[in-house]
Amino acid sequence: MTLAFSGWHGAAVLAVFGLVMLGVGLAVSRGGNIRDSMSEYYLAGRGLGLLMLFFTLYATQYSGNTIVGYAPTAYRMGFGWIRSVTFMVLVMGGYLLFAPRLYVLAKRYNFLTPSDWLQKRFNSRAVTLVGTLLMLYGLGNYLLEQFVAIGQGVAGLTAGIVPYQVGVLFFIVIMLVYEWLGGMRAVAITDVLCGVVLLLGIFGLLIGSIITFGGLGVATEYMFANAPKLVAVPSREASTTWLSTLILIMIGAAVYPQAIQRIYSAKSERTLKQSLSRMAWMPFITTGVVLLIGLIGVKALPGLDKMASEQLVGMMANAVAAQGPVFYGLMLLLFAAVIGAIVSTADSVILTMSSMFSKDIYARHIAPSASEKQQVLWGKVAGIIVVFLLLLIAWNPPGTLYELFILKFEVLIQVAPAFIIGLYWKKLSRGPVLVGMLAGAILAGWMTIAGIRTWHGWHVGLVGLALNTVICVVGSYLFPAAATEQQEVEEMISL
């Protein structure tokens with residue numbers, strides 16, 4: 001008997017998951033002044049221990065795109081998508097370029113948002129505002145990606161019984177409510193739950209796919225016979241694009257604003273380093289497993305076009321579930337895992353956007369004398385407004401998940417010199433940093449609008465970053481900061 005996911009069973013999973021999230025938010029909200037203190041609400045009192053920090057980093061880094069988007073990309077690209085494993089490993093290297101050093105300074109100067117570092121380092125409202133806007137753009141794009149993933153995940157994994165728009169709207173409301181109640185503590189606790197379920201779910205799908213469709217060897221033989229380009233050696237330009245993707249994501253993902261806030265939230269520098277060292281192993285058992293699922297799907301569901309392949313995970317899950325009640329139960333677990341991955345990433349993005357609107361826009365430019373309670377309130381309100389503006393876009397998504405995923409890095413990565421070079425080089429001055437960020441973002445944005453996604457194999461975000469970095473370095477030599485300012489910076493960044 002052929003089974004599809006029951007609408008009632010899917011709705012039950014959604015309801016249980018939502019109630020758990022709401023319960024976490026309600027429990028955490030009883031913890032005193034959480035909604036009256038910026039540090040308590042947005043950074044969990046700067047006290048996240050090893051377990052919670054690890055899982056909140058993991059759940060933030062591995063989003064709904066990891067399952068719903070990466071497997072279809074592997075389906076279309078074949079073995080070339082092994083880059084997804086390597087670039088996630090390199091993200092940890094990107095963190096280590098600056099995270100431990102930034103953590104020490106964040107503790108010393110009580111940074112709350114990523115923009116606090118820009119203001120402290122460059123003492124320029126213009127640099128801070130431009131950096132804030134670039135990061136908010138990246139966050140908005142990332143959040144849009146999660147909304148699209150929610151809709152596609154729910155629609156695919158319930159065989160269309162739960163409509164795309166219903167899934168998006170339901171979980172937006174759930175996230176807003178429990179995050180409003182519990183802030184970062186609620187997000188971190190739910191991230192632990194979601195991270196565990198994510199690992200169980202993707203391994204369940206892998207095992208079920210191997211049993212149902214055959215393993216990697218069978219799929220590889222099929223590709224050699226019917227789709228040789230999926231196993232072919234990449235061309236020179238494809239190899240350049242591969243390298244470009246590694247660099248783009250290594251740096252871009254490391255400067256995610258929500259990831260930087262988790263650096264601030266660590267209980268100690270040792271806790272931060274231990275969490276990052278353990279995170280270095282997770283690509284092999286997360287993106288690596290999803291890669292295998294996508295490759296198996298080439299034989300399991302051949303001939304899907306680009307947009308149809310975006311539903312690959314849902315179709316494979318339904319095929320596995322049709323084998324009997326055991327697999328049906330495993331795929332319901334996967335259903336929860338997909339939703340958990342999406343929600344645990346989206347809630348982090350919403351929280352960080354709220355904090356940046358609160359501290360970097362409202363308190364810094366609109367109401368400098370506002371109390372912390374007022375700042376938290378207006379940050380929440382601004383976050384809700386942005387969420388529902390993005391919902392209008394997510395209602396009719398503009399492209400595939402991978403295209404959305406790449407787009408945000410082209411602009412977000414332009415803040416990297418201000419963070420990485422600025423942490424080590426005292427001569428980096430505010431004028432060149434401002435011009436560099438603007439020039440890099442404008443160049444990358446113009447090329448993207450013009451339909452140029454790569455230039456001789458290099459992503460336009462890296463082309464913009466190259467221009468940005470040259471302006472920062474050469475400009476700082478041509479127009480150096482005053483000697484007294486350089487001395488202040490040297491004292492600031494010294495550990």
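Guide: A residue is buried when its relative accessible area is under 20%, exposed when that area is over 50%, and partly exposed in between, with a 1.4 Å probe and protein chains only. This is a predicted model, in which local features need pLDDT of at least 70, side-chain atom pairs count only at pLDDT 80 or more, and totals for chains, interfaces and linings use all residues. Residues are numbered from 1 along each chain as its sequence is written, and side-chain values use heavy atoms, with hydrogens and water left out.

Visitor: Why is Ala321 called buried?

Guide: Ala321 has a relative accessible area of 0%, and the limit is under 20%, so Ala321 counts as buried.

Visitor: In which helix is Ala321 found?

Guide: Ala321 belongs to helix α16, residues 312–321. Helices here are DSSP runs of H or I with at least four residues, strands are runs of E with at least two, and both are numbered from the N terminus.

Visitor: What makes α16 mostly covered?

Guide: Of the 10 residues in α16, 8 are buried. Among them are Leu312, Met316 and Val320, together with Ala321. As for Ala321 and Ile471, 150 residues separate them in sequence and 56 Å in space, C-alpha to C-alpha.

Visitor: Is Gly18 buried or exposed?

Guide: Gly18 has 1% relative accessibility, so it counts as buried. Gly18 sits in helix α1, residues 7–29. Between Gly18 and Met175 there are 157 residues in sequence, but 8.5 Å in space, C-alpha to C-alpha.

Visitor: Why is Lys426 called partly exposed?

Guide: The relative accessibility of Lys426 is 30%. That value lies between the 20% and 50% limits, so Lys426 counts as partly exposed. Lys426 is in the loop between α20 (416–420) and α21 (430–449).

Visitor: With which residues is Lys426 in contact, leaving aside its neighbours within four places in sequence?

Guide: They are Arg121, Gln486, Val489, Glu490 and Ile493. Contact means heavy atoms within 4.5 Å. As for Thr352, it is 74 residues from Lys426 in sequence and 28 Å from it in space, C-alpha to C-alpha.

Visitor: Which phi does Ala44 have, although it is not a glycine?

Guide: Ala44 has a positive phi of about 55°. Its place is in the loop between α2 (38–43) and α3 (50–61). With a relative accessible area of 1%, Ala44 is buried.

Visitor: What phi does Asn123 have?

Guide: Asn123 also is not a glycine, and its phi is positive, about 50°. Asn123 lies in the loop between α6 (114–122) and α7 (125–157). Its relative accessibility is 54%, and the limit for exposed is over 50%, so Asn123 counts as exposed.

Visitor: How many disulfides does a search of the whole structure find?

Guide: The search finds 0 disulfides. A disulfide would be a pair of cysteine sulfur atoms within 2.5 Å.

Visitor: What makes a set of residues a nonpolar core?

Guide: The set must consist of buried Ala, Val, Leu, Ile, Met, Phe, Trp, Tyr and Cys residues joined through side-chain atoms within 4.5 Å. The largest such core has 152 residues, and Tyr95, Phe98 and Trp117 are among those with the most contacts inside it. α8 gives the largest share of this core, 19 residues. Leaving aside neighbours within four places in sequence, Phe98 is in contact with residues including Ala254, Ile260 and Leu423.

Visitor: How do you know that a space is a cavity and not a pocket?

Guide: On a 1 Å grid over the protein atoms alone, a cavity is a set of points where a 1.4 Å probe fits but cannot get out, while a pocket is an open set with protein on both sides within 12 Å along at least five of seven lines; lining residues have an atom within 4 Å of a point. Points are joined across faces, edges and corners, and a volume is the space filled by probe spheres set on the points.

Visitor: Which element gives the most to the lining of the largest cavity?

Guide: α18 does, with 4 residues. The lining includes Tyr41, Trp180 and Lys380.

Visitor: How much space lies in the largest pocket?

Guide: The largest pocket holds about 430 Å³. It is lined by 16 residues, and those closest to its centre include Met77, Arg83 and Pro234. α10 gives the most to this lining, 3 residues.
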